[in-house]
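Please look over the structure below before reading on.

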Amino acid sequence: MSVAASALHGQVSQARPRSTTAAANAAPARVALLGTGTVGGAVIARLSSWRGTALGERLSLVHVANSRRAAVGLDGLAPEQAVAILADSSQASALSDIASALEGDGARVVIDATASEAVAEQHAQWLAQGIHVVTACKIGQGTSLARWRAIREACAQGASGYGDSATVGAGLPLLRSLRELQAGGDRIHAIAGVLSGSLAWLFNHYDGMRPFSALVRQARDAGYTEPDPRDDLSGEDVRRKLLILARAAGVALDAGDVEVSSLVPPELAILSRDGVDAALPALDAPLRERYAEAYKNGEKLRFIARLERHDDGRVSARVGLESLPGDHPLAGGAGTDNKVAIWSDRYKVQPLVIQGPGAGAEVTAAGLLDDVLRLVG
């Protein structure tokens, strides 16, 4: 199945084929990169590897910023030098400066490699000005329905595109597949998946013998979880991803429509971040009991997000730990893999299953830049 992106409002715009002459004569797209952390650094590394290639000639990095500083090169910044230039810059970072930094010939693109609420609030404004936005941040489309609608309306107003492939599955062809199925007249009946790389790793490794808390510490130290592992264990990140998938499937859910069963017990939830590590053993007894019950039934524990359209027109959405039969489409997998099953008119009995790395800076950066290239044509 083709996974080319849809050109519908609020979605990644499909690139039109360009003639060799047009490609040679077109001005490179002007790119602003926000965030130079793990993912932003991987974007810079990928851009650096393209220097001197046809791909590299299509993009010009003119603005780089973190939360404190910004660096602007109206004629372009060499990607391999961008971090050093930023470190030496005396210019304060200001979201209001980005549109002017992007002025010039060629398409204009903001790559949001942050997890910033303030940056996400600007997405619709940039889109309305005709600036494409490409992001791995789930706050834009995975929180309030009002913000999601504002992004769609801004895309229409500015004839711009919103690249969101990296928001779920680190660039796996999940959102594009959902949109293409619908564009071909298919109707999505259900979606279920392992959407968290950190939770996938935890339950792929948990065997009921070693304390779950020890495994959580190992995952945190390896960088699989957030510094505060409650951010992963609460299911809130998975809720946002399910909202994005649901909305892409034509189901305009609001955040409160998703039932979330957190793995964090109340006594752990109320603690300050400093007190979390010592209290992690509160996870052990409940998880050991859940594992023993699943093992007795020949099943496996997986943290699952589900969206279902019922015959009576109701829609249900939930996130939480489930015990799955060993032969279930979502029971397999390894490492931090995401695995998503899609049931539709054409995939009624055997679902379409998409699986692959659901976390990692390199695959996320690749997903971001794939979206940029589609949008700028």
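**Domains and a helix pair**

The domain assignment of the protein chain gives domain 1, made of 29-171 + 362-376, and domain 2, spanning 176-357. The model is predicted. The C-alpha centres of the two domains are 29 Å apart.

**Interface of domain 1 and domain 2**

- Contacts between the domains involve 18 residues of domain 1 and 16 residues of domain 2.
- About 1400 Å² is buried between domain 1 and domain 2, and 57% of this area is on carbon and sulfur atoms.
- On the domain 1 side, the most area is lost to domain 2 by Lys138, Leu145 and Val168, which together account for 35% of what that side buries.
- Two salt bridges are found across the interface of domain 1 and domain 2.

**A salt bridge**

- Arginine 179 pairs with aspartate 164 in a salt bridge, with 2.8 Å between the closest N and O atoms.

**Packing of α6 and α7**

- Helix α6 covers residues 117-128 and helix α7 covers residues 145-158; their axes come within 6 Å and cross at roughly 30°.
- Angles under 35 degrees count as roughly parallel, and α6 and α7 are therefore roughly parallel to each other.
- From α6, the residues in the contact are Glu117, Ala120, Glu121, His123, Ala124, Leu127 and Ala128.
- Their partners in α7 are Arg147, Ala150, Ile151, Ala154, Cys155, Gln157 and Gly158.
- By residue class, the contact of α6 with α7 consists of eight nonpolar, three polar and three charged residues.

Methods
Residues are numbered from 1 along each chain as its sequence is written. This is a predicted model: local features need pLDDT of at least 70, side-chain atom pairs count only at pLDDT 80 or more; totals for chains, interfaces and linings use all residues. Side-chain values use heavy atoms; hydrogens and water are left out. Axes are lines fitted to C-alpha atoms, for helices over the stretch in contact, and angles run from 0 to 180 degrees between N-to-C directions. Helices (H or I, at least four residues) and strands (E, at least two) are DSSP runs, numbered from the N terminus. Angles under 35 degrees count as roughly parallel, over 145 as roughly antiparallel, 65 to 115 as roughly perpendicular and the rest as oblique. Contact means heavy atoms within 4.5 Å. Ala, Val, Leu, Ile, Met, Phe, Trp, Tyr, Cys and Pro count as nonpolar, Asp, Glu, Lys and Arg as charged, and the others, Gly among them, as polar. Domain bounds come from an automatic or database domain assignment. Buried area is the accessible area (1.4 Å probe) that two parts lose on being put together, summed over both. A salt bridge is a side-chain nitrogen of Lys or Arg within 4 Å of a carboxyl oxygen of Asp or Glu.
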